[in-house]
Every structure is written in structure tokens, then in C-alpha cells.
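Hi,

Here is the structure I promised to pass on to you. Have a look at it first, and then read on for what turned up.

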Number of protein chains: 2
Amino acid sequence: MLNYSRVDDCFRALAEPTRRALVERLSEGPSSASALAAPFNLTLAAVVQHLQVLEACGLVSSEKTGRVRTCRVEPAGFAPLTSWIAGRQARVERQLDMLAKVLDDEDRISSTKRTTERKKKQ
Amino acid sequence: MLNYSRVDDCFRALAEPTRRALVERLSEGPSSASALAAPFNLTLAAVVQHLQVLEACGLVSSEKTGRVRTCRVEPAGFAPLTSWIAGRQARVERQLDMLAKVLDDEDRISSTKRTTERKKKQ
């Protein structure tokens, strides 16, 4: 079952460009928060805060070894987003299929009507 | 090529729960803005504003027939999101594959070393 609060958290987290950039950088390989801060021209505190948001919604995980906390992207963390999107696409496609069937039926009915009328005239 | 501004627009648009709810409703079938407003307890102006955001990023399209504008979900509009997510997942998986290969190689080297040392001792 789709967890709507997870969907909400993921969309909110990734709507912020810096957090998306952090996910992009982390998808190239695990990194410590301090190594992430430098290229982004952000303070360590700001990076840690962004990482906490990403970790809270399951998109990033972290592990502490000694004094270094290493972060990595969790591919499974995208599942709430992909499920929500796939759900919408599937429903739209079902609607389009139903519409195509109705049009097809109408087409068949009017074609039968025309044939019957032609036969009557002959 | 991935259009980053489109990715940004889509994530921002869907980070707002009301806009997600409108997409959910519209994925069940096309609707006019006024028909959407009632169940959401929103003013028509608010719904129109949300729909304009969704339309600007390609998630919704609309068509005016007479005085009624009908809106529908565009399944292809999700492509910037799904491409961005798939790109991140693919990179993480490539990293994991590379890591597995390195560990495998190390395993093979140390196993060969052990065999050589055993043979020397015999």
C-alpha cells in the first residue's frame, strides 16, 4: 500500500534543488557530510540539515565509523515516488483504453446501422 | 537530454499536496476547473492557479470548448521525474556493481595467494 506521508516527504525533500544536487552527488558514490559541503559552497551545518531531511524520508542512509559519518543514496527510497507516478499513469491509460473502447463500440454500432439502412433501401 | 528546469518545475509542482490531489483526481478522468473546485473545498481561482502551475510543467493539459475548459493529466509529463529518478538509481547500482567487482577481485587475489603459500609449504 502507498504510504502517502512518505510520498509527501519525498516530493518535499526533492523539490529543494540543493537536496537534489546532494542526491546526485551521492549517487556517484558514498561521501561524508564534510566532503559534500566543500563543492557545494555550503556550511557543514547546512549540509547536515539537508542530509537529515533526505535520511528522514528514506532517500539517503548514513553510517558512522569512528568520527566519520558516511552517507549513501538508498535506491529503494525512491519507491514511494515511482509508485505514485506509476499509479497516476496507469489510471490515465485505463481511462484512455475505456474511451477507445467506447469510440470503437459507437463506430461499430453506426456502421451496423448504415448497413441495415442500405439493405432496407435496396 | 534531461531538462533540469523541467525536473525542478515538476518536483516543485508536486511537492504541494493540493496539486498532487488534483493530479490524482484528474488521473481518474478529464474535468473542468469548476467541477474540481467543489470536492476540494477550494475557490475556483485557487484551483485555476494550481492547474496553471501543473500545466506550465507539462503534467496537465487543457482544452477550451465553448465556455468550458477541460483539463486532463498528461502521462508523458511525468518523464522528467522518472528520468531523473532512474538516472540516480542506475548510478547507484553501477557503483554497487563496481564495488562488488573490486571485492570479488580482492577475494580472488587473496585466495590465489593462500594457494601459492600452501604449495610453497608443502
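Predicted model: local features only at pLDDT ≥ 70, side-chain atom pairs only at ≥ 80, totals over all residues.

Helix H1 (4–14), helix H2 (17–26) and helix H5 (79–121) of chain B each bring at least two residues to the side that touches chain A. Of these, H5(B) has the largest share, with ten residues. Sorted by class, that side of chain B holds 14 nonpolar, eight charged and five polar residues.

The charged groups also meet across the interface: the count between chain B and chain A is four salt bridges. One of the residue pairs joined by a salt bridge is Asp8(A) with Arg20(B), where the closest N and O atoms are 2.7 Å apart.

Now for the extent of the interface. The size of an interface is often given as the accessible area lost when the parts come together. Here the area buried between the two chains is about 2700 Å², and carbon and sulfur atoms give 65% of that. Arg20(B) turns up again here: together with Phe11(B) and Trp84(B), it supplies 19% of the area that chain B buries against chain A, more than any other three residues. Counted by contacts, 27 residues of chain B touch 27 residues of chain A.

The largest pocket has a volume of about 210 Å³. Its lining is made of 14 residues, and those nearest the centre are Val92(A), Gln95(A), Leu96(A), Pro30(B) and Arg72(B). Helix H5 (79–121) of chain A and strand S3 (68–73) of chain B each supply at least two lining residues, and H5(A) gives the most, with six. By class, the lining has nine nonpolar, three polar and two charged residues.

The second largest pocket has a volume of about 170 Å³. Strand S3 (68–73) of chain A and H5 of chain B each give at least two residues to its lining, with H5(B) giving the most, four residues. Among the lining residues are Pro30(A), Arg72(A), Val92(B), Gln95(B) and Leu96(B). This lining divides into seven nonpolar, three polar and two charged residues.

Enjoy exploring, and write back with any questions.

Best wishes

Definitions and conventions:
Residues numbered from 1 in each chain as written. Chains lettered and ligands numbered in written order. Heavy atoms only, no water. Contact = heavy atoms within 4.5 Å. Buried area = accessible area lost by both parts, 1.4 Å probe. Salt bridge = Lys/Arg side-chain N within 4 Å of Asp/Glu carboxyl O. Nonpolar A, V, L, I, M, F, W, Y, C, P; charged D, E, K, R; others polar. 1 Å grid on protein atoms, 1.4 Å probe; cavity = no way out; pocket = protein on both sides within 12 Å on 5 of 7 lines; lining within 4 Å. Points joined across faces, edges and corners; volume = space filled by probe spheres on them.
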